[in-house]
Amino acid sequence: MRIGILTGGGDCPGLNATIRGIVTQGIKEGHEIIGFFDGWLGILENRWESLTEEKVEDIHREGGTILHTSRTNPFKEERGLERIKDTLKKAEVDVLVAIGGDDTLGVAEKLYEEGFKTIGVPKTIDNDLSSTDYTFGFDTAINIAVEALDRLHTTAKSHHRVLVVEIMGRHAGWMTLEAGIGGGAHIILIPEVPFDIEEVCQALIERKNVGRSYSIVAVAEGAKAVKGSKFLSREVVKEEKTDAFGNILLGGIARVLEKEIAKRTGLESRSVTLGHLQRGGRPSAFDRFLATRFGIKAIELVKERKFGQMAALRGTEIISVPLKEAVGKTKSVPAELYQETGGLFWGK
Ligand code: F6P
């Protein structure tokens with residue numbers, strides 16, 4: 001078969017390992033593989049190249065994606081569906097493997113409903129995709145955040161400061177919770193559990209009163225204050241505009257908290273936004289392994305003619321689930337897990 005692949009949405013470490021897995025296993029099984037550039041945009045514009053084993057030989061250790069990516073939503077483009085049909089016909093593609101998060105895989109699911117043979121591979125640093133225990137990219141990203149938190153501890157301690165650290169993850173707190181625990185944050189604020197600023201400031205003062213002269217606050221970019229809070233009525237956004245999938249660009253909560261904490265407590269505060277540092281660079285061993293296994297699974301799904309499916313991790317096993325089940329719902333941090341892992345306050 002002739003298999004087309006693309007990477008869509010925000011990039012993440014591990015994408016190249018998946019591409020290598022698909023190409024190596026695909027060629028071994030007698031398929032031809034072509035890669036579309038820039039996510040769905042490359043399909044709309046019929047831009048692609050043939051992928052050979054030589055091209056992908058050493059790419060597993062590199063971050064980003066050799067195919068590049070975009071947040072293009074083909075269904076929002078003029079004649080989007082028709083243009084996809086044209087390209088897939090011209091490029092003689094039998095099966096399309098989309099590697100992405102909820103938005104990219106949502107398009108793959110719609111195309112499947114339209115009669116195309118599509119398969120999904122889940123990636124996102126946010127780890128918020130339903131039906132899979134983990135997405136690749138997440139492990140690398142939280143390790144970067146843990147390293148940042150470790151470093152911020154020493155400077156915060158030296159200066160007796162409060163350091164507020166903003167961590168990505170849009171509407172899911174997985175990154176902030178896991179990196180916050182791993183990196184020893186004293187207060188962890190996630191979107192799923194709105195926070196009370198009074199309570200946060202009280203905890204910081206209590207720490208100070210028992211001789212803990214510094215504190216680290218890990219806050220998710222999408223964290224919100226409790227309903228009715230005069231201090232913050234909604235998520236903090238970088239810009240009011242949304243992308244083609246309707247996602248708003250979040251950012252700035254750490255700076256807002258830094259100022260509010262200083263004002264309410266008198267404690268010297270600083271903020272850091274980790275931002276895209278969390279998405280860049282080389283993938284961890286865990287992500288390389290998971291991404292490669294997902295790639296190999298995609299080829300197995302082609303062989304078994306299981307279209308409209310997504311590779312997924314369940315426990316230690318790679319399984320497949322219908323794309324329909326996986327997309328359109330965020331996998332959130334359960335409130336119980338947040339409480340069980342210490343919730344708001346550590347080291348009072
Ligand atoms: O979805 C991955 C992610 O990194 C989110 O955590 C973040 O909110 C968003 O992408 C940032 O988007 P962009 O790369 O378009 O700035």
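A residue is near a molecule if one of its heavy atoms lies within 4 Å of it. By this rule, the ligand is surrounded by Arg71, Ile125, Asp126, Met168, Gly169, Arg170, Glu221, Leu249, His276 and Arg279. The model is predicted: local features need pLDDT of at least 70, side-chain atom pairs count only at pLDDT 80 or more, and totals for chains, interfaces and linings use all residues. Residues are numbered from 1 along each chain as its sequence is written, and side-chain values use heavy atoms, without hydrogens and water.

The shell around the ligand comprises 3 nonpolar, 2 polar and 5 charged residues. Here Asp, Glu, Lys and Arg count as charged; Ala, Val, Leu, Ile, Met, Phe, Trp, Tyr, Cys and Pro as nonpolar; and the others, Gly among them, as polar.

For Glu221, the distance from a side-chain N or O atom to a ligand oxygen is 2.6 Å. For Asp126, a polar side-chain atom lies 2.7 Å from a ligand oxygen. For Arg279, the corresponding distance is 2.8 Å. Taken alone, the ligand exposes 400 Å², and the protein buries 83% of that (Shrake-Rupley method, 1.4 Å probe).

The chain is divided into domain 1 (2–136 + 283–326) and domain 2 (141–279), with bounds from an automatic or database domain assignment. Their C-alpha centres lie 33 Å apart. In domain 1, 15 residues are in contact (heavy atoms within 4.5 Å) with 14 residues of domain 2. Each domain supplies at least three residues to the shell around the ligand.

Terms used: Polar contact = N/O pair within 3.5 Å; in protein donor to acceptor, adjacent residues only side chain to side chain.
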